[in-house]
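Hi,

Here is the structure I promised to pass on. Have a look first, and below you will find my notes on what turned up in it.

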Amino acid sequence: MNNPDSLQDIDKKKRVVVVLGMHRSGTSAIARGLQVLGVELGDNLVQAIPDNNEKGFWEDKDIYSLNVEILDAIGYDWQTNIPITNAELASDTLSPFRLRAVELLESKIKNITVLGIKDPRFCRLLPFWKAIFNELKLEVSYIIVVRNPLSVAQSLKRRDGFKAEKSYYLWLEHILPSILETEGSPRLVVDYDFLIIIPQLLSGKKLHKYSEELPLNAVLRIKKGDYVVHIHYGIGKFLGLKKLKTKKLEGYFFAIEYANKDRLYLPREDAHFIQKYVSFYSRPPSLTHLGSGEWSRIKARAQARSEEHT
């Protein structure tokens with residue numbers, strides 16, 4: 001591929017959005033969301049499979065098949081728990097696959113500007129594919145989908161009969177390289193559990209299509225007055241930090257107001273339990289009633305629905 005000779009050539013530079021994440025983590029739902037926003041996903045999508053992924057995988061069959069062959073060539077498959085080394089992915093064994101990958105990706109993006117590609121195997125093959133992206137001089141960004149490993153293990157047990165320990169190791173073998181290999185690149189981390197819960201709160205309402213910005217990134221800076229979601233207690237309003245002293249603790253706590261002006265004081269070390277509330281609508285959300293079981297029911301419905309989209 002020739003280097004760009006003008007600003008016009010630079011403007012026409014091809015872009016790839018890579019969806020990364022462990023199997024059963026919602027990568028299919030995210031890929032489908034990209035398509036809704038106008039991102040092409042390829043011309044030969046893998047068909048939906050009943051009792052596996054009934055809504056569709058939203059991944060290109062040709063790229064998926066190549067990834068399967070690459071893993072097989074170096075003695076792995078998707079459920080192998082042994083880490084794949086960079087040396088293996090750079091070995092001469094994969095030389096024929098590099099040529100095929102260049103030709104395949106070039107053909108997929110030939111007549112489009114932005115291509116979305118999704119296959120959980122990308123997580124473990126990133127060093128291989130990053131070399132391909134560089135060869136084709138593509139602008140690459142990543143969406144890393146993270147789902148609670150407990151939920152992933154439960155899903156894999158139902159589908160494949162995996163023991164929890166195996167699922168946890170697989171989760172790590174997918175998430176760690178996704179984070180480490182994308183350092184320095186444009187990337188977005190999506191918490192799938194929160195992504196599923198928020199639309200559940202808007203059920204029965206028509207969601208609008210946004211092309212400039214998707215409210216996918218719940219990992220945002222929280223400031224006083226923002227609405228937040230606590231994974232156990234639901235939606236509240238952040239009132240700021242408050243210094244408190246108890247029998248066991250002394251320090252600054254996150255003050256969160258819920259319905260009926262009930263308040264929760266969250267220790268700073270538990271800040272990972274909350275994230276900023278994001279919505280397709282500008283109007284404020286309804287605050288959760290503490291102790292009512294309301295949030296538990298919402299999470300249960302969301303969990304059931306999430307299995308339809310993984």
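At 34% relative accessibility, E139 counts as partly exposed; buried here means under 20% relative accessible area, exposed over 50% and partly exposed in between, with a 1.4 Å probe and protein chains only. Before going further: this is a predicted model, in which local features need pLDDT of at least 70 and side-chain atom pairs count only at pLDDT 80 or more, while totals for chains, interfaces and linings use all residues. Residues are numbered from 1 along each chain as its sequence is written, and side-chain values use heavy atoms, with hydrogens and water left out.

**Salt bridges**

E139 pairs with R15 in a salt bridge, with 3.2 Å between the closest N and O atoms. A salt bridge is counted when a side-chain nitrogen of Lys or Arg is within 4 Å of a carboxyl oxygen of Asp or Glu. This one links distant parts of the chain, as E139 is in strand β3 (residues 139-146) and R15 in strand β1 (residues 15-21), 124 residues apart. Helices (H or I, at least four residues) and strands (E, at least two) are DSSP runs, numbered from the N terminus. R15 is partly exposed as well, with a relative accessible area of 44%.

The structure holds eleven salt bridges. Another of them joins K108 and D43, at 2.5 Å from N to O. Here too distant parts of the chain are linked: K108 belongs to helix α5 (residues 95-109) and D43 to the loop between α2 (27-36) and α3, 65 residues apart. K108 counts as buried at 10% relative accessibility, whereas D43 counts as exposed at 64%. Both residues also belong to a network of salt bridges that links D43, D60, D62 and K108.

R159 and D160 form a salt bridge too, at 2.9 Å from N to O. R159 is partly exposed at 26% relative accessibility, and D160 is partly exposed at 33%.

**Aromatic rings**

Rings of Phe, Tyr and Trp (its six-membered ring) pair if their centres lie within 6.5 Å; planes under 30 degrees apart count as stacked, over 60 as edge-to-face and the rest as tilted. By this rule the count comes to five aromatic pairs. One of them is the stacked pair of W78 and F162, with 5.6 Å from centre to centre and 25° between the planes. W78 lies in the loop between α3 (61-73) and α4 (86-89) and F162 in the loop between α7 (149-160) and α8 (164-180), so the pair ties together parts that are 84 residues apart in sequence. Both residues, W78 and F162, are buried.

For F238 and F254, the ring centres are 5.6 Å apart and the planes stand at 45°, so this pair is tilted. It links distant parts of the chain, with F238 in strand β6 (residues 234-245) and F254 in strand β7 (residues 250-257), 16 residues apart. F238 and F254 are both buried. Elsewhere, ring pairs link F122, F128, W129 and F133 into a cluster.

Two rings have a charge over the face, which requires NZ of Lys or CZ of Arg within 6 Å of the ring centre and within 35 degrees of the ring normal. K166 lies over F162, at 4.2 Å from the ring centre, and R32 lies over W58, at 4.8 Å.

**Strand pairing**

Two strands pair if DSSP finds at least two bridges between them. Strand β5 (residues 227-230) and β6 run antiparallel and are joined by four bridges. They form a hairpin with three residues between them, and V229 has I235 in β6 as its bridge partner. β5 also pairs with strand β9 (residues 274-276), again in the antiparallel sense, over three bridges. In β9, I274 stands opposite H230.

**Backbone angles to check by eye**

Which residue in the loop between β1 and α2 deserves a look? R24 is found there, and R24 has a positive phi of about 65° although it is not a glycine. R24 is buried, with a relative accessible area of 7%. N260, in the loop between β7 and β8 (263-267), has a positive phi of about 60° and is not a glycine either. N260 is exposed, at 62% relative accessible area.

Best wishes
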